[in-house]
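Colleague: I would like to go through the labels used for this model and see what each one rests on. Please set the value against the cut-off each time.

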Amino acid sequence: MAAQIFSAIITIIIGVGGAIAYFWGANKLLDLIFPSRGVTGMAAVNNLRRQGLIRPWLFIGPALLILVVYLIYPVIQTLYLSFHDRAGENFVGLANYSWAFGDREFRNSIFNNILWLAVVPAACTFLGLVIAVLTDKIWWGTIAKSLIFLPLAISFVGASVIWKFIYEYRGDGQVQIGLLNAIVQWLGGSPQVWISLPFWNNFFLMVILIWIQTGFAMVILSAALRGIPEETIEAAVIDGANPFQIFWRIMVPQIWGTIAVVWTTITILVLKVFDIVLTMTNGQWNSQVLANLMFDWMFRGGGDFGRGATIAIIIMIAVLPIMIWNIRQANKEGGH
Amino acid sequence: MATARGKSLLGRFGVHLAVLVFVIIWTIPTLGILVSSLRDKDQIIASGWWNSFSSSTQTEAGRLPAPESQVEKDGKFVIEGNIFGDAPAREVSAFGLRSAAPTQYAVGETADLGDGVTLQVNADGSFVLASPVAFEGTRGQRIYFASSAPPRFTTENYETVLFSEGIGRSFINSLTVTVPATIIPIMIAAFAAYALAWMRFPGRALIIATIIGLLVVPLQMTLIPLLQLYNGVALFFGVPSKTYLGIWLAHTGFGLPFAIYLLRSYMAGLPKELMESARIDGASDFEIFLKIVLPLSFPVLASFAIFQFLWVWNDLLVAMVFLKTDASELVLTAKLNALLGSRGGDWEILTTSAFVTILVPLAVFFSLQRYFVRGLLAGSVKGG
């Protein structure tokens, strides 16, 4: 154990130290080659000018290099691969795309993704809004918010274990150690293997994401609610509006922009959800989704890069318009 | 007026109640694994964790001592002892002789085994097996019994997962991945953001636009080409394709557009006069960056650091693609995923491991909640 910790520390120091060494060293080197101090007259001016030409690229160089290698090149290459066969060698035209739309599992994934898109963003936003409004009214609201917000810090895999324990199944008549089946049995029902019930299992997986993301919606909407001018609500109270009217007619319209941002942010997340499905069912019992299907094809039977890339492109096409809208909205709100 | 006040009192009570219900629903799942991880492993499967404070009843099978331990007493052959042997005694409520009826006899009752053989088991586990003729054979009598054990809480599960299940090792691996994968992108992004905010060079606007454009790229788009690239580099240089350096750079790449976007907009908002007066004093951009901009940008750096740290710590996808699946590089999330497959029903292992993996995020969350919320508000546009 001690040896492992030691080697981990060394590895970390090498990694972080390397980055520090580059920035410090490169800038020192520039100062050495074109000194601006200790020289006078034209030489100093020239050297300063040269420094000014080179230094921005020292600063931004690593970022540009990494962005090109890790994002720009892969995007182009994925597009290229989606028109090629499994090893990426022979051009196959649109064969991967026509395969995808004819594949039962792919169509099932699309169907499930649409289901997720219809349920999860709406549920998170609605629950988040309700909780934000309610917690604003009570003295222990901050504590309540912290506790509801907490699952957001938990990994999808950790959350999957937590919920798998809740869905745990034991035969009829046995002691149930899964909370859900215990409740069902207590109510007189018979226990179910929840995650292998086709169609309905999708909803049991969605609950996990809703549990995680409601806190996100709540925090952002809560900040927006606090920005609503008091006078508008007071005016409504004086006019005799009831709490529901205040909520739906006065508050919701004023934070509509934020609601949309929360909704779309969760929508993007849903399109990329992978961990929950992998750990809970790995796509069995008709619970497959696109992101997990893509991962599956990356390694299935040694990996089919053509099909995997095709699914990635389809995810990208689905995410793109929402993402663009979202960034625009964020820029507008941020005032940039 | 009176009715209105009554209504609002009722309404206020309703608000408290509704929030309480939400809080309970949201905390119970996590509470479940925390409580379970501290329970005795036999008790986890014997009763639900919500019953963990009451005694749990379980049915067990055992074998009485072999006939060689019999003694002759009052003309009878007797085997005496305790069904728990040397193990700590529990309270026995019933016993039986067939697996189909493990609780046929109540404690204290005398069971008739036929041919005059009798068995009596007491609540403390002591038993008397008596027979008019000598017992034969080498194996003892099979016995079933229901016992209830007092609630037992222990940290044994934590010792098991940390030291023999490999979670301890994975914890170190996770740190090895996460710490540099948080610090490296911050450094690279901070320098780039400063250049984009305060330095003048050709192509600056184009670079800013490109970086904002890269925010939209989903992680899935990059995985296959990068996997190919890593394999190619590994083959060409004769080095392993799955290394810590590889995953640091990958996480750096995926975090950079968001980091630069976030840091640049913050740095661009810093007062211009500060930079100009420093420049007049002869400070180079490197010095201005280190001594003025970096300290002033602390809040946004902290927000991004927390966001990136949690993102990397909780990531499974990137770790599964870019790291080896053996003990030397398996991070916590991947280890937990592997345990779900190999130790599917061993809830003492799974709940404890899950709790270990969420421990660090929870600590970060509770200690740095303010920065976390701010990072989150800004992070709603992260592409990765």
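Colleague: Why does B:R152 count as partly exposed?

Modeller: The relative accessibility of B:R152 is 34%. Buried means under 20% relative accessible area, exposed over 50%, and partly exposed in between, with a 1.4 Å probe and protein chains only. The 34% of B:R152 falls in between, so the label is partly exposed. Before going on: this is a predicted model, in which local features need pLDDT of at least 70 and side-chain atom pairs count only at pLDDT 80 or more, while totals for chains, interfaces and linings use all residues. Residues are numbered from 1 along each chain as its sequence is written, chains are lettered from A and ligands numbered from 1 in the order in which they are written, and side-chain values use heavy atoms, with hydrogens and water left out.

Colleague: What makes B:R152 and B:D40 a salt bridge?

Modeller: The term requires a side-chain nitrogen of Lys or Arg within 4 Å of a carboxyl oxygen of Asp or Glu. For B:R152 and B:D40 the N to O value is 2.0 Å, so the pair qualifies. B:R152 is in the loop between β9 (142-149) and α3 (156-164) of chain B, and B:D40 is in the loop between α1 (2-37) and α2 (41-46) of chain B, 112 residues apart. Helices (H or I, at least four residues) and strands (E, at least two) are DSSP runs, numbered from the N terminus.

Colleague: Is B:D40 buried or exposed?

Modeller: Buried, because its relative accessibility is 12%, and the cut-off is the one already given.

Colleague: How do you know that A:D304 and A:R86 form a salt bridge?

Modeller: Their side chains meet at 3.8 Å, N to O, which is within the limit, so the pair counts. A:D304 lies in the loop between α13 (290-299) and α14 (305-334) of chain A and A:R86 in the loop between α2 and α3 (95-102) of chain A, so parts 218 residues apart in sequence are tied together. A:D304 is buried because its relative accessible area is 5%, whereas A:R86, at 39%, is partly exposed. A:R86, A:D304 and A:R307 are linked in a network of salt bridges.

Colleague: Why is A:R55 called buried?

Modeller: Because its relative accessible area is 2%. A:R55 forms a salt bridge with A:D31, with the closest N and O atoms 3.1 Å apart. A:R55 belongs to helix α2 (residues 41-81) and A:D31 to helix α1 (residues 2-33) of chain A, 24 residues apart. A:D31 is partly exposed, because its value is 25%.

Colleague: How many salt bridges does the rule give over all chains?

Modeller: The count comes to 10.
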